[in-house]
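Me: I would like to learn how to read aromatic pairs in a protein model. Could you take me through them step by step?

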Amino acid sequence: MASFATLISLLTITLLSFSCSSQFILPIEKDPLTNLFTTSLNIGTPKHNFNLVIDLGGPILWYDCNKNYNSSTYIPLSCNSKLCSNDAGCISCNGHFKPGCTNNTCGANIINSLVDGIFSGDTGNDVLFISNTKISNILSGCTDSDGFTNNFPLENLPKYSKGILGLARTKLSLPKQLSLSSKKLPNKFALCLPSSKLGRLFIGGVPQKSTFFSKYELTTIPLIINPFSTAPIFTQGEASYEYFIDVKSIKVGGETLNFKSSLLSIDNKGNGGTKITTLKNFTVLHSSIYNPLVRAFVKKASDNKIKKVASVAPFEACFDLNTIYRTNTGFAVPIIDLVFDRGVDWKIFGDNSMVLVNKNVACLGFVDGGKEPQTAVVIGGHQLEDNLLEFDLVSSKLVFSSSLLLRDARCSDFKN
């Protein structure tokens with residue numbers, strides 16, 4: 001996405017006030033209606049609290065600067081600035097000067113992947129407040145939702161959310177901007193998504209002195225780059241800024257699934273492979289992977305005397321809850337393994353593989369993505385809950401824990 005990837009290539013941020021900070025911690029909540037994960041930031045002067053949806057593949061921080069929002073510290077980025085690529089045009093406004101209504105302003109492409117929408121907005125900088133620390137000169141996008149029918153940029157977000165916090169591999173993501181501005185803050189972040197109550201976003205990586213996480217065995221695998229963009233708008237030849245991992249095979253109940261393994265590789269058009277997202281509630285699989293996974297899971301479940309019942313959309317494999325017993329890692333169902341090089345695996349236990357759809361039925365929480373998805377495996381939010389994941393962009397590695405329930409803990413148990 002050239003409008004942001006090139007926008008900050010020459011940027012040196014110099015006025016931040018946190019040179020001694022090595023980490024910031026933000027709370028994460030799970031919205032009960034949409035099952036999306038949100039956090040909150042105070043932005044502007046005076047402070048305005050914004051609830052923001054966390055988008056692991058989102059390129060920027062953007063928020064709604066409608067008629068109710070103003071900030072005396074907002075500085076629009078001029079169209080004449082060497083930092084402006086002008087890919088999103090030059091914005092002008094005839095109204096009273098305020099964020100979202102400025103002249104000669106570098107446009108921003110505001111992306112809401114939940115509606116496959118790209119909207120116009122302004123690029124500017126303002127102050128943020130994280131962990132009671134005031135941070136200046138953070139570039140972000142700002143769009144006035146009042147200027148669109150039915151507040152379209154905010155469509156499909158939780159009703160109280162007013163923007164998106166993008167965490168993608170871009171130079172305008174918040175973790176990257178903060179790392180450029182503090183020698184002690186590495187370009188890393190970690191997610192511990194909650195199944196209930198509060199989780200955490202750790203900007204700067206997993207807390208090094210945390211006794212909570214030190215008891216877990218962490219696994220490290222490479223983050224790989226899809227050389228073809230998966231963004232809704234991009235420049236020819238631009239790589240994807242989403243997070244891909246190199247899954248080699250998938251097991252159910254210890255047995256490797258039989259499907260065309262080339263689906264797990266990224267081909268010469270950028271199709272295939274495995275990526276991680278927070279905007280899909282459940283893992284989405286290419287039909288040629290989904291169908292054998294469901295067949296194997298149902299067979300293994302039947303072998304354990306778990307009774308299959310009628311499907312409940314969007315899930316195919318559903319089971320009588322009375323025939324499933326529970327363990328410390330959730331429902332006692334066949335374990336699903338994502339297998340990497342050298343036999344390294346990411347185990348998905350019952351708490352992450354199953355979804356309780358009513359008081360009598362639980363379903364396998366994977367969804368059929370059809371025969372021609374761009375990405376063969378898209379790991380969704382439910383499968384990430386109560387797992388610790390650190391995205392280390394210094395060494396391009398993913399560090400993960402598998403389920404915290406193995407030690408009878410959840411993300412909500414972490415205390416700052």
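Me: Is Phe 50 buried or exposed, and what is its relative accessibility?

Reply: Buried means under 20% relative accessible area, exposed over 50%, and partly exposed in between, with a 1.4 Å probe and protein chains only. Phe 50 counts as buried because its relative accessibility is 5%, and Tyr 63 counts as buried at 0%. This is a predicted model, in which local features need pLDDT of at least 70, side-chain atom pairs count only at pLDDT 80 or more, and totals for chains, interfaces and linings use all residues. Residues are numbered from 1 along each chain as its sequence is written, and side-chain values use heavy atoms, with hydrogens and water left out.

Me: How many aromatic pairs does the structure hold, and what describes such a pair?

Reply: A pair of aromatic rings is described by the distance of the centres and the angle of the planes. Rings of Phe, Tyr and Trp (its six-membered ring) pair if their centres lie within 6.5 Å, and planes under 30 degrees apart count as stacked, over 60 as edge-to-face and the rest as tilted. The structure holds 17 aromatic pairs. The rings of Phe 50 and Tyr 63 have centres 4.9 Å apart and planes at 50°, so this pair is tilted.

Me: Which geometry does the pair of Phe 202 and Phe 213 have?

Reply: Phe 202 and Phe 213 form an edge-to-face pair, with 5.8 Å from centre to centre and 90° between the planes. Phe 202 is buried, with a relative accessible area of 0%, and Phe 213 counts as buried at 4% relative accessibility. Ring pairs also link Phe 202, Phe 212, Phe 213, Tyr 216 and Phe 414 into a cluster.
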